[in-house]
Amino acid sequence: MKSINLDITKAAQFLSEDAVKAYEPKVKVAQEALEAGTCPGNDFLGWLHLPSSITPAFLDEVQAVANTLREKCEVVVVAGIGGSYLGARAVIEALGNSFAWLINDKKNPTIMFAGNNIGEDYLFELTEYLKDKKFGVINISKSGTTTETALTFRLLKKQCEAQMGKEVAKDVIVAVTDAKKGAARTCADKEGYKSFIIPDNVGGRFSVLTPVGLLPIACAGFDIKALVQGAADMEKATGKDVPFEQNLAAQYAAVRNGLYNEAGKKIEIMVNFQPKLHFIAEWWKQLYGESEGKDGKGIFPASCDFTTDLHSMGQWIQDGERSIFETVISVEQPNKKLLFPHDNENLDGLNFLEGKRVDEVNKMAELGTRLAHVDGGVPNIRISVPELNEYYIGQLIYFFEIACGISGNVLGVNPFNQPGVEAYKKNMFALLNKPGYEAESKAIQERLAQEA
Ligand code: PA5
């Protein structure tokens with residue numbers, strides 16, 4: 001079986017000789033600490049050996065619930081935010097038809113994502129869209145109290161019960177949440193919904209290989225066994241005893257810390273040349289942003305879809321402040337075949353491309369961009385993926401997770417907490433006069449009055 005691959009040569013050339021190798025001791029310490037459970041945030045290491053510990057019986061259980069939703073629903077709405085939706089969306093969009101929303105595919109339900117914003121128009125339009133649909137809901141929230149998700153779930157639960165009847169609703173509403181606490185757990189137990197547990201020791205952004213990701217992915221019709229197998233094989237390939245030079249995760253963690261510390265590269269742009277990978281980058285941004293951006297440190301994770309964004313961000317990347325590096329995810333083989341067509345008039349002068357695979361043109365765009373950006377002072381890391389299927393996406397997921405754990409430890413932060421996320425929530429609840437926030441409400445009103 002092939003594997004995803006990593007090429008750091010065009011990034012390492014921006015560093016002094018042996019600069020990447022110089023990170024080996026720090027990377028080793030990080031790997032040992034993760035493995036021994038002695039690193040900061042060590043109560044959140046449940047993801048580390050998750051792929052190899054998932055049993056076929058457990059995957060069958062997830063698949064069985066997914067099958068019920070697939071049989072009974074035209075649409076399945078995944079309600080969740082942050083780590084409770086990005087992984088599922090990333091995998092489903094990477095593997096699915098680009099026009100899945102528009103295709104009336106009798107085999108697979110349409111998967112929609114909600115509960116990730118507070119847009120009144122969005123939610124109104126969602127409920128309008130669902131009015132004549134047989135739909136189910138996967139309510140995903142580890143805390144069970146996240147406002148965006150809770151609001152959406154309130155709306156959808158009511159609508160589902162009204163449209164499908166309370167008895168059917170019981171079969172098509174599923175909770176993925178904490179084992180004991182939170183409103184989602186209480187509600188699921190009270191209503192008798194099928195539910196799955198998000199393990200205590202797996203944080204949201206590391207949870208795609210729990211039912212948080214697996215259930216929606218199975219609902220969409222993808223092979224969760226192959227996904228987990230890919231992740232398990234990558235778990236082996238990036239283990240702490242794999243030599244530094246052969247360990248993709250160790251290399252990626254080392255080179256990005258080198259670029260950050262030694263070359264002043266503060267921004268990493270995750271680039272794809274396949275629009276289907278847009279949400280892989282969104283998932284990656286949360287993984288790295290929430291894990292590393294703390295204590296006044298951390299590479300800012302950004303993303304671009306090429307060639308689309310070469311026509312908007314290309315100028316900045318080529319010529320702007322030299323504080324960036326790029327990590328390109330390149331898919332070696334497309335799944336479909338399309339040739340560049342002939343045109344009798346050749347008004348665009350492109351007949352010289354006639355008969356070539358569209359992907360060949362795309363690959364030359366990728367190579368040309370790489371050469372230009374490297375010439376322009378942008379270090380380039382390249383991750384190649386043999387093809388877009390469940391197995392390689394599973395590899396990619398675990399690769400990014402373990403590299404993130406290592407990289408955050410090398411950076412010297414706790415990669416598994418996210419204290420900064422609470423600041424806006426505190427203000428929002430104070431402004432909305434949430435019971436229990438009386439002192440904060442008073443303080444914020446005084447501050448606003450002073451600033452007025
Ligand atoms: O990574 C995280 O912990 C966060 O992004 C959470 O996943 C997100 O805030 C959603 O939280 P919850 O699952 O508790 O609703």
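**Ligand site and chain geometry**

A backbone N or O atom of Lys 142 lies 2.7 Å from an oxygen atom of the ligand, a polar contact in the sense of N or O atoms paired within 3.5 Å. This is a predicted model, so to speak of local features takes pLDDT of at least 70, while side-chain atom pairs count only at pLDDT 80 or more and totals for chains, interfaces and linings use all residues. Numbering runs from 1 along each chain as its sequence is written, and side-chain values use heavy atoms, with hydrogens and water left out.

- The side chain of Thr 146 puts an N or O atom 2.5 Å from a ligand oxygen, and for the side chain of Ser 143 the figure is 2.7 Å.
- Of the 380 Å² of accessible area that the ligand has on its own, the protein covers 88% (Shrake-Rupley method, 1.4 Å probe).
- You'll find 13 residues around the ligand, with Ser 84, Ser 141, Ser 143, Thr 146 and Gln 286 the closest (near means a heavy atom within 4 Å).
- That shell splits into nine polar, three charged and one nonpolar, with Gly counted as polar and Asp, Glu, Lys and Arg as charged.

**Salt bridges**

- The structure has 28 salt bridges, each a side-chain nitrogen of Lys or Arg within 4 Å of a carboxyl oxygen of Asp or Glu.
- One of them joins Asp 7 and Arg 370 at 3.3 Å, N to O.
- This pair ties together distant parts of the chain, 363 residues apart: Asp 7 belongs to strand β1 (residues 5-7) and Arg 370 to helix α15 (residues 358-375). Helices (H or I, at least four residues) and strands (E, at least two) are DSSP runs, numbered from the N terminus.

- Going from Phe 306 to Thr 307, the peptide bond is cis, with omega near 5°; Thr 307 sits in the loop between β8 (300-305) and α14 (314-319).
- Asp 295 isn't a glycine, yet its phi is positive, near 55°. Look for Asp 295 in the loop between α13 (278-292) and β8.

Note on methods. A polar contact is a pair of N or O atoms within 3.5 Å; within protein, one must be able to donate a hydrogen and the other to accept it, and residues adjacent in sequence count only if both atoms are side-chain atoms.
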